[in-house]
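Welcome! Take a moment to look over the sequence and the 3D view before reading on.

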Amino acid sequence: MCGIVGYVGPQPALEVVVDGLKRLEYRGYDSAGVAVLADGRMDTEKRAGKLANLKAALAETPRSADGIGIGHTRWATHGAPTDVNAHPHVDNDNRVAVIHNGIIENFASLRLELEERGCKFTSETDTEVAAHLLGEELKRQGEDLAAAMRAVCRRLEGAFTLVAMYAGDPDLVVAARRNSPLVVGRGDGENFLASDVAAFIAHTRDAVELGQDQVVELRRDSVAVTDYDGNPAPVREYHVDWDASAAEKGGYDYFMLKEIVEQPQAVADTLLGRVGVDGTLTLDEMRLAPSELRDIEKIVIIACGTSYHAGLIAKYAIEHWCRIPCEVEVASEFRYRDPILNRQTMVIAISQSGESMDTLMAVRYAREQRARVLAICNVNGSTIPRESDGVLYTHAGPEVGVAATKTFLTQLVACYLVGLYLAQMRNLKFGDEINAVIEQLANMPQQVEKVLGTVAPVRELARSLADSETVLFLGRHVGYPVALEGALKLKELAYMHAEAFAAGELKHGPIALIEDGLPVVVVVPSREGRGVLHDKIVSNIQEIRARGARTIVIAEEGDETVRPFADELIGIPAVPTLLQPVVATVPLQVFACELALAKGNDVDQPRNLAKSVTVE
Ligand code: G6P
């Protein structure tokens with residue numbers, strides 16, 4: 001949600017900033033803008049629409065730059081995505097330019113106050129108040145931009161990353177953060193700022209993580225961090241373990257296509273190094289003592305979107321293996337219903353980005369209630385893991401496509417590992433039982449590879465359904481969250497009405513939706529282990545078929561019992577029931593992606609969405 005870039009150094013600032021924005025466009029893409037200094041004059045350009053529009057505008061008027069620049073790609077909150085509302089925003093003297101990610105909650109009263117003092121507003125954004133306040137404070141603070149930023153931040157409420165530059169200092173960019181992401185990239189004689197390391201990874205892999213309520217002064221040769229009162233503040237430095245090529249399309253037309261294909265590797269990487277030489281699981285990023293893990297009486301999983309679906313699947317595995325009651329809840333609802341939490345509750349927060357504001361707020365609430373919080377995240381050093389008691393990182397590598405694919409599969413693997421780890425710590429399973437599941441997990445990359453090798457008919461089928469208005473999805477047991485994920489993918493990418501139901505619930509209402517030719521995708525559980533479920537869903541397929549549905553059945557290869565009732569049969573490898581989502585989700589990702597492409601949609605940047613949503 002909103003991508004932010006800042007640069008100070010000898011390279012052409014405009015190029016560095018625009019290149020950074022390109023890598024952050026997944027965060028928001030309804031408008032974009034830049035500010036540079038040209039001969040000591042503030043020079044801004046901003047355009048509604050994708051980055052390409054801004055680039056075209058920049059190409060029309062070549063401009064020089066003095067070695068600093070800031071840039072922004074927007075996901076609108078206050079004010080429509082227009083040229084005027086795009087960032088940067090400037091003060092009335094055009095001396096200060098500011099870009100912003102987040103929401104300034106008290107902007108209305110601040111705007112009124114500024115207007116009373118004669119300030120002229122040009123946009124409808126909350127951000128513009130920060131530009132005018134910075135302009136005022138700069139005069140009050142003796143032209144010290146960092147001091148001005150600190151003074152402004154002390155007045156703001158809500159969530160924000162602010163980045164500012166001013167015409168009086170061609171070697172300075174200042175930024176501040178509260179509840180929104182911001183990282184510094186340290187270069188040699190140059191420094192970078194961004195919402196995500198992807199923006200500067202082509203220049204440096206040395207990053208500095210900013211803490212809550214900190215202000216950073218970025219110059220060519222220095223990075224100084226203070227709190228909002230000006231006291232030096234501690235920071236964490238780290239080295240990014242992937243390089244720029246990981247965030248490139250690598251010959252694919254879309255990141256999503258590449259990320260789907262990367263799934264076997266992502267799953268393997270997430271398993272790597274988790275099993276000790278003696279076969280025991282060692283999840284060393286877990287900063288929770290064994291005694292604390294043994295004391296847990298209840299688990300609550302919180303997450304949003306696709307991560308929530310991973311949580312729903314985790315519940316089946318954790319309850320089955322650990323016999324600990326496990327609830328799963330969408331993060332945005334969690335803290336508003338007065339949930340029952342205490343020191344014996346473990347909250348598992350699943351978030352690819354580690355920045356989703358709904359999940360972050362739920363984590364904070366859980367910690368206030370003294371629950372232990374374990375984060376499952378893909379982005380090293382992001383806010384949610386930093387604020388949690390423990391973290392298990394998925395190693396999916398950077399995911400740029402807005403719709404989650406490889407991060408979902410790796411979240412599943414991480415959830416299985418947590419379940420097995422808890423079972424191990426609480427002596428609920430024998431070592432050989434845990435090893436047997438670990439071996440099955442270790443086999444998953446191969447199985448996913450197999451699925452990827454057989455999806456050509458799924459693509460064809462998807463293209464044939466491009467004109468459908470509705471697709472329904474059915475599943476039972478872990479197949480139900482898989483069905484939910486399949487429907488979500490289709491909504492996100494193909495902008496189609498897609499809904500998922502627990503197959504058994506169908507007869508209690510939704511079956512009324514079935515009409516002649518309506519495509520219904522059914523995820524069939526394995527025949528082994530959960531034979532009853534399998535047979536029941538076969539009956540469900542017959543029920544919908546009898547009412548005219550066009551049945552698209554995802555079932556284990558060799559499961560001939562479903563063939564007579566399947567208009568289309570998609571085979572997946574036979575794997576243990578609890579692990580089936582790892583393979584069953586893949587054809588649904590391919591299905592949604594292909595159908596969206598057939599409709600001419602941009603699958604990397606679906607309309608109205610953003611990859612990480614940093615507002616509530
Ligand atoms: C956004 C994205 C979804 C994602 C959700 C949760 O809504 O569009 O694809 O699943 O956020 O994101 P997280 O980073 O917390 O997993």
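## Before we start

This is a predicted model, in which local features need pLDDT of at least 70 and side-chain atom pairs count only at pLDDT 80 or more, while totals for chains, interfaces and linings use all residues. Residues are numbered from 1 along each chain as its sequence is written, and side-chain values use heavy atoms, with hydrogens and water left out.

Helices (DSSP runs of H or I, at least four residues) and strands (DSSP runs of E, at least two) are numbered from the N terminus. Two strands pair if DSSP finds at least two bridges between them.

## An antiparallel sheet

Let's begin with an open sheet of 6 strands, in the order β5-β6-β7-β8-β12-β13, whose pairing is antiparallel. At its edges stand β5 (89-90) and β13 (223-227); each has a single partner strand, so one side of each is left without a neighbour in the sheet. As background, strands of a sheet pair through backbone hydrogen bonds, either parallel or antiparallel.

Now follow β6 (residues 96-104). With β5 it pairs in the antiparallel sense over 2 bridges, and here Val 90 stands opposite Ala 97 of β6. The hairpin of β5 and β6 has 5 residues between the strands, and there Asn 94 takes a positive phi near 55°. β6 also pairs with β7 (residues 158-166) in the antiparallel sense, over 9 bridges; Ile 104 has Gly 158 in β7 as its bridge partner.

Is β6 enclosed or open? Of its 9 residues, 9 are buried, so β6 is largely enclosed by the rest of the structure. Buried means under 20% relative accessible area, with exposed over 50% and partly exposed in between (1.4 Å probe, protein chains only).

## A covered helix

Helix α11 (residues 357-368) has 12 residues and reaches 16 Å from its first C-alpha to its last, close to the 16 Å expected at 1.5 Å a residue. That expected span is 1.5 Å times one less than the number of residues. Just after α11, Arg 370 takes a positive phi of about 75°.

This helix is mostly covered, with 10 of its 12 residues buried; among them are Met 357, Leu 360 and Tyr 365. What do the buried residues of α11 pack against? They pack against β7, β15 (298-303), α10 (331-334), β17 (345-351), β18 (372-377) and α12 (383-386), where contact means heavy atoms within 4.5 Å.

## Two helices side by side

Helix α13 (residues 406-425) and helix α19 (residues 580-598) pack at an angle of about 170°, with their axes 10 Å apart. That makes α13 roughly antiparallel to α19, a label for angles over 145 degrees. Axes are lines fitted to C-alpha atoms, for helices over the stretch in contact, and angles run from 0 to 180 degrees between N-to-C directions.

Where they meet, Phe 408, Leu 409, Leu 412 and Tyr 416 in α13 touch Pro 581, Val 582, Thr 585, Val 586 and Gln 589 in α19.

## A parallel sheet

Another open sheet has 5 strands in the order β21-β20-β22-β23-β24, and the pairing is parallel. Its edge strands, β21 (497-502) and β24 (568-572), each pair on one side only.

Within this sheet, β20 (residues 470-475) and β22 (residues 519-523) pair in the parallel sense over 4 bridges, and the bridge partner of Leu 474 in β22 is Val 522. Helix α18 (residues 531-546) packs on the sheet, touching β20, β22 and β23 (550-556), and its direction makes about 175° with that of β22.

Notes: Angles under 35 degrees count as roughly parallel, over 145 as roughly antiparallel, 65 to 115 as roughly perpendicular and the rest as oblique.
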